[in-house]
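Thanks for coming. Please have the structure open on your screens, and I will go through it a piece at a time.

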Amino acid sequence: MSQLAGDSTVVKADTVLRINNLHTYFYTDIGVSKALNGVSLDIPAGKVMGIVGESGCGKSVTALSCLRLLPKSARILKGDITLFRRTEKGFDPITLTDLHPMSVEMRKIRGEELAMIFQEPMTSLNPSYTVGDQISEAIILHQNVGKDEAKNRTIKILDQVGMANAEGIFARYPHELSGGMRQRAMIAMGLSCNPAVLFADEPTTALDVTTEAQILDLMRDLQAQLGMTIVFITHNLGVVAQMCDNVAVMYLGRIVEQAGIDSIFYKPQHPYTKALLNSIPHAGSRTRARLQPIRGVVPDPYSSIKGCAFHPRCNSFMAGKCDQAVPALTHVEEGHTVRCFLYSDKVEEE
Amino acid sequence: MFNYILRRLGYMAVTLIIVAILGYAIIELPPGSYVEVEIQRLRNLGGNLSQTEIDAMYHRYGLDKPVYERFFIWISGFVRGDFGEAFAYNMDVGDLIWGRLGLTLMFTVGALIFTWVVAITVGVYSATHRYTIPDYILTVLQFIGLSVPNFLLALLLMVFAQDVFKMQVGGLFSSEFEKAPWSFARVLDLLNHLWIPIIVIGASGTAWLSRVMRANLLDVLNMQYVQTARAKGLHENTVIWKHAFRNAIHPLIMVLGGSLPGLISGETIVALVLNLPTAGPLYFNALIAKDMYLAGTFLIFLAIALLIGNLLADILLAWVDPRIRYE
Amino acid sequence: MTETTTPISQPHVEEPVSNVGQLSQLTLMRMRFSRNKLAMIGLVGLVIMYFLSFFGPFLAPNEYTNQNADYIFGIPTKFTFTGSDGKFGFYFHPVISELDSVSFKFIHKVDTSVTIPVKFFAKGDPITLLGFINTDIHLIGADAPYRIYPVGTDSIGRDILARSFVGGQISMTVGLLGVAMSLILGSILGTASGYWMGIADDIIQRAIEVIQSFPTIPLWAALAAALPPISQDFTVIHRYFLITVVLSFVGWTGLARQLRAKVMAYRSADFCQAAIAAGASDARIIFVHMLPNAASHIIVTAALAIPGMILGETSLSFLGLGITPPAVSWGSLLRDAQQVSVIVRAPWLLLPGGLVVMAVLFFSLVGDGIRDAVDPYSI
């Protein structure tokens, strides 16, 4: 990796999680699906990092790789993930990719350091146990407290995520709660052990718009209150604009552009980011203007595309260049990188 | 919960009445009553029966009355515990059946416990070790278990035990303990005679149930909440046994009631082969001899046992599954 | 890929060629089925077993009812490939049978000093194939007075191989016929129950509940016990059909339940609601909109029900309540092998049992294959 996240010796003071050149492949009956093809990302502490992209671009796989919760068919081939744990003395880096997914250390990190909220609130809570049981389970596990204390803390967190009558909710089963309430419960579970990084994988996609707005407000408030680090995975640029401080745009297992929220929306560089932005309606834009969909579809992950993965759909395609090699990440300005031959001829070494 | 049980009991009462009617229909169904069989037998012996003698026999067994009257006589006797006469034994049906029904239930419950313990263990193992060699071996065994008729399995195990282990199989006791007073050795001998029938009766149910368990658990392991549990940092064993297992077991309890008829069926036929003094041999012999009161009573009691089993299974399901409990 | 008018040069990308969209549902199912190795093994196995059953009288060297009083519990014929002259060929050693004066049992000994040639397409007992071909030619045989018994004989000296083959004619069709009958009954009652609901549904559901509250084999046995014995008016064929009726008396209930649930689900589905709103008749809704959708489900349920029926017939006949002599089925053949002493003396009597296991196994594999082909997402 080049100048940016590259030098693993140089760690920016506020990085809490570093993903470096991550390759995650799925081995299935049909073939090998290269879900991640060298993802590098520094996640700054206390900020909200958005990961955006179409379905199947590897957003969720990135999160699952960090938590080491990939299915058995998946393997991390190359690259590493480092967690910089907060201690009194400063950083205590630990390489997650060196741990066995089922090891004691990894399990201790899961829930305590890294937590995750999933997309489907309807199915992400166990129907057989009460909401309270499921949240306090994590507290008992990680915080070394008894059942009663765990219950107190759980009720406090339920209250914190805006559940009226938190005590009543504690004893409820998931099927008795609405989708929004369940997602609040999931957020409560994620927050229960005060993790260093909270991955939120499309947490509002399955909710209706009003509930979505409430949940986003809640997350934003909690983030500000607790100074939490959130990795927010979504395909919805509107949500990104509302939630995130930094954005990484992914396409087919690679990050193609990364920048602060303003740069992404006002100075997008990569053709894919531009296309994404053109495909959503803007308030105040000319009423007669048509939305521009992105040509084609995301290619089948089992196929391998030579050169830049986006070139078959790209409006700025340069024959003999884009279809020959993968462009390297280029620094276009402070905190803004892009992977495109329009800005640099540098080639990514395989 | 209480209302639920009450409602179920109401349904059961209705079903019971129809079961009784159908049971009696079966008693009446065979052409040629026991009396005709008996008359034929006496004639064959050389006796020449007069018409009055024949009428007297019909009258003695109440066969000269119309069907519906006989049904009411029979059913009113039934509820008082008078099930009619076992012609071939010249005994009251009631005196014959209780001990045998009790043993049938004992073997059925034993087989049920065996089935569940083995099927759940095997099912969980093969679901968590999918596509490994032990899983393939278990799959083959399951297919064979489903394909071998239980009476054949009983025969094979009998030959095997007798030929290879020089064990005496069949019956409840070895010959030396048959008439002996109760003692520790006799209890041991009894237990020694129980395991083969229980394995044989439970074999196909175990094969089937472990497939169901495997499929259920695989389904549940794909659920998001299992991932949630892992994301909490729980140990994989806790994830499987606390979070996945609890949900995978629901469909199993749902089919619990449905698996009982197979077990009772299996018990009756296996008992015949293994010469166990349970309901099975008596029942089938009664059918062949057209001793219909005996057969009908057995059949109705087996049905009642099943209905109670179903009720218990439903209550159990309501108890484990919060979603049903609050309906 | 069509050439667009965009001025920017278009990259040439090979669109992956897939014909999935152009195949009919049925072709897809057939493809999925034929890719399932276990299901194909099952299918081939079944074809072989049906062939053995219906051409069995020709393939076996003896007629299945032919008794050989000198060869009680006769041991299998020992074949050899070297004749007395040392030449390669198909031969067998004859068996010398003696009555043991102490136990009064026949003792059979293979006389290896003598070799007799096996004749192909030899003349033997007269047989009828498929009900209309009369012949006395057998695939293998030997010159009189010698006879070949490839797997041995029973208690009155009948050829177990021939009997097992012929037994398959009943055992391997009774399940199919029983399932076909259950299918008709279950489809009508299940659809009616789910479509009209109300009283009809209540009655049918109670009936199913009652029937299912009896243990299967005892109920079958009770019904079969009501059948009259074989006589001039009540032939083997009558009994055979009535046994399938008895089997389907219980079999329809499961199918009716499943179909009811399906039909009820379809009723509230948009495509049926649309048809109802358009004023389609009940018959049209049922036959055009519901049953074709449920067809694959019906077929799968039926296929998976066959093994249970075969096992049912076998158990009934084993109890002496199903197929009775002079007809033979695998179950009735196994009646001869009830005692351990008999099995130890003549283990070949268990051959029909092995055939039952194979038939049920093959039917299960095919049934599972059909299910997976129809619904690849179920487990």
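Apart from its neighbours within four places in sequence, F199(A) is in contact with A63(A), C66(A), L114(A), M116(A), V231(A) and I233(A). Two residues are in contact if their C-beta atoms, placed from the backbone, lie within 7 Å. Before going on, a word on where this comes from: the model is predicted, local features need pLDDT of at least 70, side-chain atom pairs count only at pLDDT 80 or more, and totals for chains, interfaces and linings use all residues. Residues are numbered from 1 along each chain as its sequence is written, while chains are lettered from A and ligands numbered from 1 in the order in which they are written.

Now the strand itself, residues 197–201 of chain A. Helices (H or I, at least four residues) and strands (E, at least two) are DSSP runs, numbered from the N terminus. Is β7(A) enclosed or open? Five of its five residues are buried, so the strand is largely enclosed by the rest of the structure. A residue is buried if 20 or more other C-beta atoms lie within 10 Å of its own, exposed if 12 or fewer, and partly exposed in between, with C-beta atoms placed from the backbone. V197(A), F199(A) and D201(A) point one way from β7(A), whereas L198(A) and A200(A) point the other way.

What lies beside this strand? Strand β6 (residues 114–117) of chain A runs parallel to β7(A) and is joined to it by four bridges; L114(A) has V197(A) as its bridge partner. Two strands pair if DSSP finds at least two bridges between them. Strand β8 (residues 229–234) of chain A is also parallel to β7(A), with five bridges, and there A200(A) is partnered with F232(A).

F199(A) turns up again in the largest nonpolar core, which has 256 residues. A nonpolar core is a set of buried Ala, Val, Leu, Ile, Met, Phe, Trp, Tyr and Cys residues joined through C-beta atoms within 7 Å. Among the residues that touch the most other members are F199(A), V231(A), L299(B) and W220(C). Helix α10 (residues 236–274) of chain B gives this core its largest share, 14 residues.

Chain B has 13 helices and two strands. Of its 327 residues, 41% count as buried.

How many residues does each chain bring to the contact? Chain C brings 36 residues and chain B brings 41. On the side of chain C that touches chain B, α5(C) gives the most, seven residues. By class, that side has 25 nonpolar, nine polar and two charged residues. Here Ala, Val, Leu, Ile, Met, Phe, Trp, Tyr, Cys and Pro count as nonpolar, Asp, Glu, Lys and Arg as charged, and the others, Gly among them, as polar.

Three strands of chain C form an open antiparallel sheet in the order β1-β2-β5. Its edge strands are β1 (78–82) and β5 (116–117), each pairing on one side only. Two bridges join β2(C), residues 88–93, to β5(C), and Y91(C) stands opposite P117(C).

Last, M49(C), in helix α2 (residues 37–59) of chain C. M49(C) counts as partly exposed because it has 19 C-beta neighbours inside 10 Å. Leaving aside neighbours within four places in sequence, its contacts are G168(C), M172(C), M358(C), A359(C) and F362(C). M49(C) and Q169(C) lie 120 residues apart in sequence, yet 9.6 Å apart in space, C-alpha to C-alpha.
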